[in-house]
Amino acid sequence: MAENQELFCCSICLDLLKDPVTTACGHSYCMGCIKESWDQDVLKGVYSCPQCRQIFTPRPVLNRSTVLTEVVEKLKKTGLQAAPPPALCYAGPGDVVCDVCSGTRKQKALMSCLACLASYCETHLQPHYESPAFKKHKLVKATAQLQEKICSHHDKLLEVYCRTDQQCICLLCVMDEHKGHDTVSAAAERTEKQRQLGMSQQKVQQRFQERKKELKELQQAVESFKEGGE
């Protein structure tokens with residue numbers, strides 16, 4: 001049982017489960033941890049699993065898991081405690097914080113999920129790598145501007161670029177107000193812009209070298225003129 005000890009740890013506080021409860025999606029948490037997490041969502045009226053982001057409405061009534069409680073108690077009797085995750089990296093000023101970590105000190109987020117619209121530290125990111133449910137989720141480097149990548153009209157990823165209106169749009173926009181416009185994938189447009197920027201930089205560099213050569217020739221001409229005058 002010791003080698004599978006991490007299975008009985010809360011993914012919010014990262015410690016052995018205390019008063020363990022299991023949500024309808026199958027993930028387990030400490031009663032206090034999940035309550036604190038959901039208390040922050042009271043105004044939204046929508047509650048989700050911190051790991052898989054499955055939404056529950058209304059707020060589920062959580063019952064203590066007798067089986068998990070017995071297992072955790074046996075672990076405690078053996079003297080085992082949850083080991084702290086390796087290389088904890090707490091968020092500092094300017095860092096993107098993990099949306100799942102609880103408490104006053106949250107870990108620094110490594111990646112942001114464009115499907116979940118949340119950012120995750122190394123520990124809470126693992127379900128995205130291990131669970132088939134997250135296989136199609138798109139992960140990007142942690143960013144605080146997640147909402148800027150989502151269409152405000154359709155809540156879809158801005159993965160299309162409209163050259164007619166020169167703006168990023170979602171797939172539903174293509175079939176709606178941007179129907180018939182000149183559109184390409186955002187990735188293709190980014191590649192094209194980078195190519196154009198590279199060409200512009202190359203031209204500027206070439207022009208700089210030409211000016212440098214002309215200046216050198218002018219300096220040589222001035223030197224020759226001075227020598228001839230002497």
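A residue is called buried under 20% relative accessible area, exposed over 50%, and partly exposed in between, using a 1.4 Å probe and protein chains only. By that rule Gln166 is exposed, with a relative accessible area of 62%. The model is predicted, so local features need pLDDT of at least 70 and side-chain atom pairs pLDDT 80 or more, while totals for chains, interfaces and linings use all residues. Residues are numbered from 1 along each chain as its sequence is written, and side-chain values use heavy atoms, leaving out hydrogens and water.

Gln166 is located in the loop between S8 and S9. Helices (H or I, at least four residues) and strands (E, at least two) are DSSP runs numbered from the N terminus. Most residues other than glycine have a negative phi, and most peptide bonds are trans. Gln166, not a glycine, has a positive phi of about 55°. Leu117 also is not a glycine and has a positive phi of about 55°. The loop between S5 and S6 holds Leu117, which counts as partly exposed at 32% relative accessibility. The peptide bond joining Thr57 and Pro58 is cis, with omega about 0°. Pro58 sits in the loop between strand S4 (55-56) and helix H2 (66-77).

The sheets come next. Strands of a sheet pair through backbone hydrogen bonds, either parallel or antiparallel; here two strands count as paired if DSSP finds at least two bridges between them. Three bridges link strand S5 (residues 111-113) with S7 in the antiparallel sense, and Met111 stands opposite Lys141 in S7.

Another open sheet of three strands is ordered S9-S8-S10, again antiparallel. Its edges are strand S9 (167-169) and strand S10 (183-185), each with a single partner strand, so one side of each is left without a neighbour in the sheet. The twist from one strand to the next averages 35°. Strand S8 (residues 160-162) is joined to S10 by three bridges, with Tyr161 having Val184 as its bridge partner in S10.

Which residues of helix H3 (residues 122-130) are buried? They include His124, Leu125, Pro127 and His128. These cover an arc of only 135° around the axis, which puts them on the same side of H3; the arc is that of the directions from the helix axis to the C-beta atoms. Tyr129 and Glu130, on the other side of H3, are exposed.

Helix H5 (residues 186-229) contains Gln206, which is partly exposed with a relative accessible area of 48%. The C-alpha atoms of Gln206 and Ile150 are separated by 40 Å, at 56 residues apart along the chain.

Note on methods: Axes fitted to C-alpha atoms, helices over the stretch in contact; angles between N-to-C directions.
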